[in-house]
Amino acid sequence: MRAAAFITGITGMVVVVGLLMAGEARLGGGTAGEETASAEETETAPANAAPDVGKPATMSDDRAEMIARSVEPAAPPAPDPGDGVTSKPADLPQQAETATGKTGGPATKRATELARPAVDNAGILSFGERRLQLAGIVPTPVDRICGPADRQWPCGMMAKTALRLLLRNRSVTCDLESAEWKETATTACRLGTQDLGSWLAENGWAEAAAGSPLTEIAETARQARKGIYGDDPRRK
């Protein structure tokens, strides 16, 4: 009786060990299959998820920039304030006196640094849905055509490109009552110490507004046949 019980116990232990080994082998095979499938998915994923290549810039902008680079004189040097760097005290306009005790007057404009403006045309900068029109000038529309009938040229596009090349995606400093203005505001803006409205008028890329202090330098540019007052730079 004892021998039979001993044999029965040994046989049961062998069966249990066999079942455990079979289960381990089955689990190991499933994990290996999952790892193989994951490796295959990883290997093929980059080809399926490759991003679409962006469209190139429009031909008109490229041609205008190429022509402007070849014919425009070097822009006057201006210190670059850089992104996220506040303007130096020397660049700030004089602040209105606040010790007079008067109230109810217009809000004082402060020099506010604005990063990477887009150029809508020669005279208007955009920051998302908000815009700033440079003071003292009449913005030159992008679609403006200059020159006589037999020698017309796209001076509006060239004027826009000239301002864009001057800025080169750098920050500007503008005089604003608040950095959270809405829609379109008219004010003076500078790149370092260079006033942008003055630069456009001086180089003939925008006309001076009526009664503007820039009238004299705009007239000098007209007499010198600079910018929109001159000939097609592609003919030079």
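Asn121 has Ile124 in β3 as its bridge partner. This is a predicted model: local features need pLDDT of at least 70, side-chain atom pairs count only at pLDDT 80 or more, and totals for chains, interfaces and linings use all residues. Residues are numbered from 1 along each chain as its sequence is written, and side-chain values use heavy atoms, with hydrogens and water left out. Helices (H or I, at least four residues) and strands (E, at least two) are DSSP runs, numbered from the N terminus.

**Sheet with β2, β3, β4 and β7**

- β2 and β3 pair in the antiparallel sense, over 3 bridges. Two strands count as paired if DSSP finds at least two bridges between them.
- An open sheet of 4 strands runs in the order β2-β3-β4-β7. Its pairing is mixed.
- β2 (118-121) and β7 (184-187) are the edge strands, and each pairs on one side only.
- On average, neighbouring strands of this sheet are turned by 30° against each other, direction ignored. Axes are lines fitted to C-alpha atoms, for helices over the stretch in contact, and angles run from 0 to 180 degrees between N-to-C directions.
- Helix α3 packs on the sheet and touches β2 and β3. The direction of α3 makes about 160° with that of β2. Contact means heavy atoms within 4.5 Å.

**Sheet with β1, β6, β8 and β9**

- Another open sheet is formed by 4 strands, in the order β1-β6-β8-β9, with antiparallel pairing.
- β1 (110-114) and β9 (194-195) stand at the edges with a single partner strand each, so one side of each has no neighbour in the sheet.
- β6 and β8 run antiparallel and are joined by 2 bridges. Thr173 stands opposite Arg190 in β8.
- Strands of a sheet pair through backbone hydrogen bonds, either parallel or antiparallel.

**Helix α3**

- α3 has 13 residues. From first C-alpha to last, α3 reaches 19 Å, close to the 18 Å expected at 1.5 Å a residue. The expected span is 1.5 Å times one less than the number of residues.
- α3 is mostly covered, with 12 of its 13 residues buried. Buried means under 20% relative accessible area, exposed over 50%, and partly exposed in between (1.4 Å probe, protein chains only).
- The buried residues of α3 include Cys155, Met157, Lys160 and Leu166.

**Nonpolar core**

- The largest nonpolar core has 34 residues. Such a core is a set of buried Ala, Val, Leu, Ile, Met, Phe, Trp, Tyr and Cys residues joined through side-chain atoms within 4.5 Å.
- Leu125, Leu132, Leu196, Leu200 and Trp205 touch the most other members.
- β3 (124-127), β4 (130-134), α3 (155-167), β6, β8 and α4 (196-202) each supply at least two residues of this core. α3 gives the most, with 7 residues.
- Leaving aside neighbours within four places in sequence, Leu196 is in contact with Leu125, Leu134, Leu166, Leu167, Val172, Cys189, Arg190 and Leu191.

**Disulfides**

- The structure holds 2 disulfides. A disulfide is a pair of cysteine sulfur atoms within 2.5 Å.
- Cys146 and Cys155 form a disulfide, with sulfur atoms 1.9 Å apart. The torsion about their S-S bond is about 65°, so this disulfide is right-handed. Both Cys146 and Cys155 are buried.
- Cys174 and Cys189 form a disulfide, with sulfur atoms 2.1 Å apart. This link is right-handed, with 115° about the S-S bond.
- Cys174 lies in strand β6 (residues 172-176) and Cys189 in strand β8 (residues 189-191), so the pair ties together parts 15 residues apart in sequence.
- Cys174 is buried at 0% relative accessible area. Cys189 is buried too, at 1%.
- With the bonded cysteines of the chain numbered in sequence order, the pairing is 1-2, 3-4.

**Positive phi angles**

- Most residues other than glycine have a negative phi.
- Arg168 follows α3 and has a positive phi, near 50°.
- Asn169 is not a glycine, yet its phi is positive, about 65°. Asn169 sits in the loop between α3 and β6.
- Glu183 also is not a glycine and has a positive phi of about 55°. Glu183 is found in the loop between β6 and β7. Glu183 is exposed, with a relative accessible area of 64%.
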